[in-house]
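Visitor: I would like to go through how the two parts of this protein meet. Please keep it to what can be read from the model.

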Amino acid sequence: MSFKIRLVKIPFLAPFTTSFGTETERRALVLEFEADGVRAFGECVTDEGPYYGYEDNQTALHIIRDHLAPLLRRKPSPGEFVELTERIRGHNMAKAAVEMLLWDYHSKRSGRAIFRALGPTKGHADVGISLGIARTEETIGRVSQALDRGYKRVKLKISRGREHQIVRSVRDSFPEIELSADANSCYTLKDLPRLRRLDRFGLVYLEQPLGHDDLLDHARLAKELSTPICLDESISSVEKARQALEIGACKVINIKPGRLGGFTNSLKVAKLARRRGGHVWVGGMLETGVGRSFNVSFASLRIVDYPGDTSPNDKYFARDIVTNPFEMVRGQISPNQEPGIGVEIDEGFLSESTVETWKIF
Ligand code: OSB
Ligand code: MG
């Protein structure tokens, strides 16, 4: 039995800008667990800085190494792992990396693909694109390219003060497309007049306009806008999802298994939201091929009803650490059919991309 954590560094094809910063490469913790002739993988969605959420690669490394790895030796089921780690407050991204690794491990042991273990499936994920903040002309070009490739929904990253021009220009050029905007928490209720001006562009939703952990002000905002609110950052647990739906803080939830502590909680949030008439889709955190494969598996569930941010690997990377990257056909991606997450690791590129390795046991 062995467990190691690698910090890998893979350059992006192009910088990715959100309202909280610009990233030019993915620096990810990739987990590898080996037992009973099975090699299982996981990826932590943290990056170098605590800007999307409070976790970063260093806090996640600490939590995984010092608090979660000892539990991994027992090879618990994902459900048992969630129970065992309930007393560790927060640190969902660190927990999710191990929880999903356990899904991979147990699925591989039983010889089936993860998406089959998760629940009833559509057999494919419907795919949208998330476009980083860029100049208007460039964005228009990227939208046009994305539509040519078959993407089913376009999400524009927006920032305070530059939202109206970009959304208006894209809407004017593409009157019919399914369009959304993601603010990554850059507004407050004082910006209500500004946000009202987005109402006429027929967005399918406005993602996380207010505080990263807020529910109450989002509920207030939702009453003032006709555009539905989608929450991402604020939905940090099953309880938060329940509360958000109950007070009307959102109609749509961006499910990131990495933010919610893994698949077990994500399944609960998806069911809860759909039962209450809400909609769900699967987000992304610029994952390598390993994390991407987990997301695509979840996005192929029947319960997931909106297109997600599960682009094929080559949207972000010229070369990835897997040799079987996803291909998108008419805006759909099929989850891997092989046992577990079904990725084949590019051993050479993985070791070339590894900055540091920690052998935990
Ligand atoms: O808010 O959805 C977000 C990337 C990094 C951090 C936060 C977000 C994003 C994205 C990219 O929107 C989605 C993707 O992986 O394609
Ligand atoms: Mg988001």
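Predicted model: local features only at pLDDT ≥ 70, side-chain atom pairs only at ≥ 80, totals over all residues.

Visitor: How far apart are the centres of domain 1 and domain 2?
Guide: The domain assignment gives domain 1 as 2-110 + 344-359 and domain 2 as 116-333. Taken over C-alpha atoms, their centres are separated by 22 Å.

Visitor: How many residues of domain 2 are in contact with domain 1?
Guide: Contact here means heavy atoms within 4.5 Å. On that basis domain 1 contributes 39 residues, and the number from domain 2 is 43.

Visitor: What area is buried between the two domains, and which residues of domain 1 lose the most?
Guide: About 3,500 Å² is buried between domain 1 and domain 2, with carbon and sulfur atoms giving 66% of that area. On the domain 1 side, 20% of what is buried comes together from the residues that lose the most area to domain 2: Phe16, Tyr52 and Trp103.

Visitor: Which residues form a salt bridge, and what is the distance between their closest N and O atoms?
Guide: The rule for a salt bridge needs a Lys or Arg side-chain nitrogen within 4 Å of an Asp or Glu carboxyl oxygen. Across the interface of domain 1 and domain 2, 1 salt bridge is found. Aspartate 346 and arginine 319 form a salt bridge, with their closest N and O atoms at 3.0 Å.

Visitor: Which element gives the largest share of the side of domain 1 that touches domain 2?
Guide: Between the domains, 17 residue pairs are in polar contact. Elements giving two or more residues to the domain 1 side include β1 (2-18), β2 (21-35) and α3 (92-109). The largest share, 10 residues, comes from α3.

Definitions and conventions. Residues numbered from 1 in each chain as written. Chains lettered and ligands numbered in written order. Heavy atoms only, no water. Domains from an automatic or database assignment. Buried area = accessible area lost by both parts, 1.4 Å probe. Polar contact = N/O pair within 3.5 Å; in protein donor to acceptor, adjacent residues only side chain to side chain. Helix = DSSP H or I, 4+ residues; strand = E, 2+ residues; numbered from the N terminus.
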